[in-house]
Amino acid sequence: MTWLSDFVKEHLIAAVKSLWRLVWRYVACPVRKLLFPVRDAGTGIKQSRMRYYRIEFSYRDGSRQFAYQEVSSNGNVVRYADPTGKCIIPKEPHGAQLISNSTFQFPDWGRIDWSDVFSGNLQSGCWGIVNR
C-alpha cells in the first residue's frame with residue numbers, strides 16, 4: 001500500500017507544481033506587471049509598454065513620410081504607425097532616419113506589450129529603462 005501512496009503523493013506534487021507555474025505565468029506575474037510596473041525615473045518609460053521612435057522615410061522620388069516605429073519592450077521592431085496609430089507599410093523606402101535625437105516618444109494611442117506581460121518573467125520588458 002505504501003507504493004500506492006508514494007505514487008499518488010509524487011503525482012499530486014507534480015500536478016500542484018504545474019498548476020502553480022500556470023497561475024504564476026497567466027495570473028500573478030501579469031497582475032504584478034500591470035499594477036506595479038518598473039518605471040524609469042528620468043523618462044517615464046514603464047515596463048511591458050511599447051516604445052516609439054519618430055522616424056522619417058525618404059523615397060527615391062523625393063517625397064517624405066513621417067511615422068512612428070513601434071518597438072516591443074524587449075527591443076524588437078514590431079510595426080510602423082502613422083500619427084493616429086494606424087499601421088502603415090512604407091512603399092519601398094529609400095532611407096529611414098530617426099528624428100528627435102533617438103528619444104522615445106509616447107503617443108496617446110501607445111500600446112501594452114501583451115506578449116511580455118504574459119511571459120512569466122518579472123524582469124523582462126525593461127529594455128530602455130536606465131534609472132529605476
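This is a predicted model: local features need pLDDT of at least 70, side-chain atom pairs count only at pLDDT 80 or more; totals for chains, interfaces and linings use all residues.

Residues are numbered from 1 along each chain as its sequence is written, and side-chain values use heavy atoms, with hydrogens and water left out.

**Stop 1: the nonpolar patch.** Select L19, W20, L22, V23, Y26, V27, V31, L34, L35, F36, W114 and F118; together they form a nonpolar patch on the surface with about 1,200 Å² of accessible area. Such areas come from the Shrake-Rupley method with a 1.4 Å probe, and for residues only the protein chains shown count as cover. A patch takes residues with over 30% relative accessible area and no salt bridge, joining like charges within 9 Å and nonpolar side chains (Val, Leu, Ile, Met, Phe, Trp, Tyr) within 5 Å. Now colour helix α1 (residues 2–35), which gives the most to this patch, with nine residues. Helices (H or I, at least four residues) and strands (E, at least two) are DSSP runs, numbered from the N terminus. V31 lies in helix α1 and is partly exposed, at a relative accessible area of 44%. Here buried means under 20%, exposed over 50%, and partly exposed in between (1.4 Å probe, protein chains only).

**Stop 2: K33 and D116.** Show these two side chains: they meet in a salt bridge (3.2 Å, N to O). K33 lies in helix α1 and D116 in helix α2 (residues 114–117), so the pair ties together parts that are 83 residues apart in sequence. K33 is buried at 0% relative accessibility, and D116 is buried at 2%. A salt bridge needs a side-chain nitrogen of Lys or Arg within 4 Å of a carboxyl oxygen of Asp or Glu; the structure holds four.

**Stop 3: around E70.** Which side chains meet E70 in salt bridges? R79 does, at 3.1 Å, N to O, and R111 does, at 2.6 Å, N to O. Salt bridges that share partners join E70, R79 and R111 into one network. E70 is buried at 0% and R79 is buried at 15%, whereas R111 is partly exposed at 36%.
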